[in-house]
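My notebook is open, and I am going through this model one spot at a time. Here is what I looked up, in the order I looked.

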Amino acid sequence: MPDSAPLDEMVDGAGGFRPHWGGLLGALSSLGRGELAERARLLDQHFLDEGATSLLPGGSNLPAWRCDPVPLILPPGEFDALAGGLAQRATLLEAILQDVYGPQQLLAEGLLPPALVFANPAFLRSCRDSAGHRPGPLLHLYAADLLRAPDGTWRVLSDRTAGPTGLAHVLENRRALSRYVPELVRARDLRRHGPFFDIWQDALQRLAPPTADGRNPGVAMLTAGHSSPHWYEHVILSRRLSCALVEGGDLTVRDGALYLKTLRGLQPVDVLLRRVDGRQMDPLEGDQSPVHGVAGLLDAVRSGTVRIVNDPGAGFAEAPGLAAFLPALAQRLLGEPLRLGAARTLWLGDPAARAVVGADLDRWMVRRAVDGTVRSITAAALPDPARAELVQRILAAPEEYAVSARMPASVAPCSGSEGLEPLPVILRLFLVHDGSRWQALQGGLARAFPAPDPGTGARPGMRFSKDVWVPFEDMTEVQGGPQLLTLPSLPIRRGSGDLPSRVADNFFWLGRYLERLESAARLLRASAARLATTSASPRELAELKSLAACLVRAELLDAETAQEIGTVPVTRALLRAVREKGRMQSLLNQVARLAGLLRDRLTGEMHLALNRGLRQLAEEFNAVPLGREETRGLEALGNASAGVLGFAATVAGLAAENMVRGGGRLFLDLGRRVERAQAIVAELTRALDQPGAATQPARLEPGLRLVLELRDSVITYRSRYLTVLQAAPVLDLVLADEGNPRGLAFQLAAARDMLVDLEGEPGSPLAQVAESLIEEARGMVRQVAEAPSQAEAAVRLRPRLIAMEGAIAALSNRITRRWFALLPAPHSLGPAPAVRLRGAA
């Protein structure tokens with residue numbers, strides 16, 4: 001282990017507190033230990049509610065995101081020196097990338113070994129332009145991890161050039177601290193983050209290739225989607241930069257240009273801010289998996305119609321072994337020494353370096369020379385057999401390894417259970433190129449780690465992040481913003497056509513699963529109320545049989561168990577349906593998954609309602625007792641079902657009040673209407689299946705009562721018809737009354753109007769289908785009302801209702817094919833078009 005002890009960020013060499021910590025220490029003292037711990041708990045809850053730490057039940061589990069209420073403070077002069085050193089380093093890395101992907105003069109001069117270039121998995125041969133004709137920088141956004149050595153100087157641990165992460169942490173940490181520990185934020189006048197993101201947004205616009213029609217540049221951020229561990233960061237950044245958040249399936253290359261597939265058609269994309277591995281950008285030229293990439297994308301880059309930042313091959317500069325050559329390359333390419341050093345690094349492909357390391361391997365951290373994603377190894381912490389095996393691997397292929405001198409990180413005060421405790425911290429700073437020079441974010445991200453395991457030397461995962469504060473030196477210090485960029489006037493738009501088809505599809509299915517969840521809850525509530533009675537009347541038994549058929553359709557019961565309706569096995573089966581791996585949990589998981597996929601499209605209030613509501617419902621479902629406590633279990637089941645109905649009403653209300661009419665809200669509502677229409681018809685079909693009702697009308701009453709209850713229309717029916725229950729009035733209210741929000745005609749009329757909005761014409765084919773279904777519902781009601789025996793006529797409606805259920809399902813399929821499947825429009829066979837297509841259609 002190194003002999004030197006880590007430096008304390010708060011304490012100077014004489015044992016006193018550093019001046020820039022003064023105001024913060026006073027604010028911390030006024031809070032006290034207990035209050036500081038409570039603020040830390042509130043911060044944890046905040047990130048949980050935001051969906052940053054872990055999403056909803058069944059959603060993807062994201063990496064732990066915690067923020068320490070105690071920030072890390074850097075004096076302005078020290079920060080400016082770091083920013084200047086990193087700007088020089090970014091300039092050097094840009095020059096190296098330009099050479100490696102261009103003339104490769106450094107290889108010819110022997111300043112870079114070929115083993116560090118051609119063996120690097122991040123070196124993409126398809127990105128090379130030996131003639132040097134590709135415009136603009138390859139490196140646009142840069143970050144570096146640093147630690148303060150025991151001698152007080154900052155050293156670079158690693159360079160981040162592929163797609164630096166952590167900027168969302170910076171934004172959200174500052175926002176959260178301002179909300180939950182305002183006393184600390186008010187204690188210092190801090191440099192702001194806003195100008196950095198304004199400069200970045202402006203720079204992305206400037207990077208766009210010239211457009212022939214003078215339109216505004218199209219900027220998009222390419223993400224791996226909800227499966228990415230950095231998904232939440234992509235959501236935050238795309239909102240802050242006002243760019244579209246897209247996945248590979250949302251994009252296509254036509255005639256050498258990149259487009260976003262929307263409901264309106266193809267929208268050009270001029271700048272693509274990538275957040276996926278460069279090797280996955282184009283399945284035709286990189287990894288063969290087309291999941292995240294776009295076929296033909298690199299061809300579009302070579303054509304000059306789109307700019308990708310950072311360049312897909314920029315990850316080459318993250319190779320740990322490259323650090324060993326940077327001092328010499330700085331003299332060769334910049335004509336000056338590096339201002340900001342790194343821990344001493346040696347590439348073991350050099351015999352002299354192997355001799356130095358072989359003398360004392362315990363002083364070094366061993367790393368893969370070309371792959372910065374592989375964790376470093378502390379040789380001194382390995383047991384003898386593992387250490388010997390490591391030495392053999394190095395001797396067998398020394399060019400694959402690099403070593404860095406070990407040094408402890410400085411420690412900073414962090415909140416703990418017993419008050420403040422010192423923990424090692426690593427600092428990450430960010431820079432963006434504005435077109436002429438590198439600009440630093442005025443702050444950064446610090447990560448605090450627990451002490452390493454004394455037995456193995458292994459360091460556990462990050463404990464939490466810390467906001468980095470840079471105070472103003474004086475009140476006259478002013479931060480510059482972006483230069484004025486003249487852009488064409490934006491045309492006024494109010495339609496929903498710019499919505500990507502994938503997003504529209506997700507909204508549509510979110511609406512359907514929300515409605516399925518609500519319908520299932522209504523079925524469970526009705527079942528629990530009837531099963532809780534000690535002795536069921538003949539009418540209740542008839543209702544239970546109809547309910548059983550509905551429960552089977554909703555996958556809350558299997559068909560075999562449903563035959564025993566009213567028995568203990570049925571009760572236990574329904575209780576299991578809400579527990580882990582049950583149907584209700586599955587529906588919660590589906591809603592959670594879709595809410596996560598739509599995180600960038602939901603308002604903060606709506607996402608919070610979804611997040612908290614689904615977590616609470618999952619807890620209530622898991623609390624429903626099993627075993628032999630059927631009575632208590634049914635009571636809990638009824639309460640949980642009522643909670644679902646309240647949750648559904650809250651989400652529907654927020655959607656109506658917070659979402660613009662059109663776009664996502666339109667497809668969300670369309671999904672709900674289609675799903676509810678199908679459920680109404682299915683429930684009515686089963687409710688009318690009452691043996692003997694054709695000859696004995698009284699036997700139909702349990703089914704009619706049940707359908708009114710499930711459609712929440714009992715009060716409306718009583719207010720119109722008092723207590724007389726007849727088939728025609730019930731069917732009119734449930735099937736044909738366009739004023740009943742729980743009735744079929746209301747759903748179909750709403751769907752018809754939305755389809756007209758989407759198609760842009762009243763006589764659109766899909767709207768006509770919805771209108772014809774409304775007429776069919778009215779016809780069924782007329783048939784029953786005019787029949788001598790309404791009960792007999794109602795029972796005979798079942799085949800027509802089954803056909804209608806299929807017609808609504810067919811309408812849903814046509815909506816999918818029209819807007820979500822993106823199938824090419826049919827056309828007659830004939831000569832190929834004269835236009836030349838490049839890339840992938």
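**Entry 1: the loop with Asp712.** I found Asp712 in the loop between α22 (701-710) and α23 (714-721). I take helices (H or I, at least four residues) and strands (E, at least two) as DSSP runs, numbered from the N terminus. Phi of Asp712 is near 55°, a positive value in a residue other than glycine. Most residues other than glycine have a negative phi, and most peptide bonds are trans. Asp712 has a relative accessible area of 47%, so I logged Asp712 as partly exposed. For the record, buried means under 20% relative accessible area, exposed over 50%, and partly exposed in between, with a 1.4 Å probe and protein chains only.

A note on the source before I go on: this is a predicted model, where local features need pLDDT of at least 70 and side-chain atom pairs count only at pLDDT 80 or more, while totals for chains, interfaces and linings use all residues. Residues are numbered from 1 along each chain as its sequence is written, and side-chain values use heavy atoms, with hydrogens and water left out.

Entry 2: Is Ser242 buried or exposed? Ser242 is exposed, because its relative accessible area is 57%. Ser242 sits in the loop between α9 (231-241) and β5 (244-246), and its phi is positive, about 55°, although it is not a glycine. I then looked back at α9, which is mostly covered: nine of its eleven residues are buried. Among them are Trp231, Tyr232, His234 and Leu241.

**Entry 3: a cis bond.** Which residue does a cis peptide bond join to Val309? The partner is Asn310, and omega is about -15°. I placed Asn310 in the loop between β10 (307-309) and α11 (326-333).

**Entry 4: strands.** I started with β2 (residues 141-148) and β3 (residues 154-160), which pair in the antiparallel sense over six bridges. Two strands pair if DSSP finds at least two bridges between them. Arg148 has Trp154 of β3 as its bridge partner. The two strands make a hairpin with five residues between them, and Gly152 in the turn has a positive phi of about 95°.

Next I traced an open sheet of three strands, in the order β6-β7-β8, with antiparallel pairing. β6 (251-254) and β8 (265-268) are the edge strands, each pairing on one side only. From one strand to the next, the twist averages 45°. Four bridges connect β6 with β7 (residues 257-262), and Leu251 has Leu260 of β7 as its bridge partner.

**Entry 5: two packed helices.** I checked α14 (residues 501-531) against α15 (residues 538-553): they pack at an angle of about 145°, with their axes 10 Å apart. The axes are lines fitted to C-alpha atoms, for helices over the stretch in contact, and angles run from 0 to 180 degrees between N-to-C directions. On the α14 side, the contact is made by Leu523, Ala526, Ser527, Arg530 and Leu531, and on the α15 side by Glu543, Leu544, Leu547, Cys550 and Leu551. Contact means heavy atoms within 4.5 Å.

**Entry 6: aromatic rings.** How many aromatic pairs does a search of the whole structure find? I noted 14 aromatic pairs. The ring centres of Phe667 and Trp819 are 6.3 Å apart and the planes are at 75°, so the pair is edge-to-face. Rings of Phe, Tyr and Trp (its six-membered ring) pair if their centres lie within 6.5 Å; planes under 30 degrees apart count as stacked, over 60 as edge-to-face and the rest as tilted. Phe667 in α21 (residues 664-687) and Trp819 in α28 (residues 798-820) are 152 residues apart in the chain. Both are buried. I also found them in one aromatic cluster with Phe508, Trp509, Tyr513 and Phe820.

**Entry 7: Gln747.** I located Gln747 in α25 (residues 744-759). Gln747 counts as buried because its relative accessible area is 0%. Leaving out residues up to four places away in sequence, Gln747 touches Arg673, Arg676, Ala677, Ile680, Asn740, Pro741 and Arg742.
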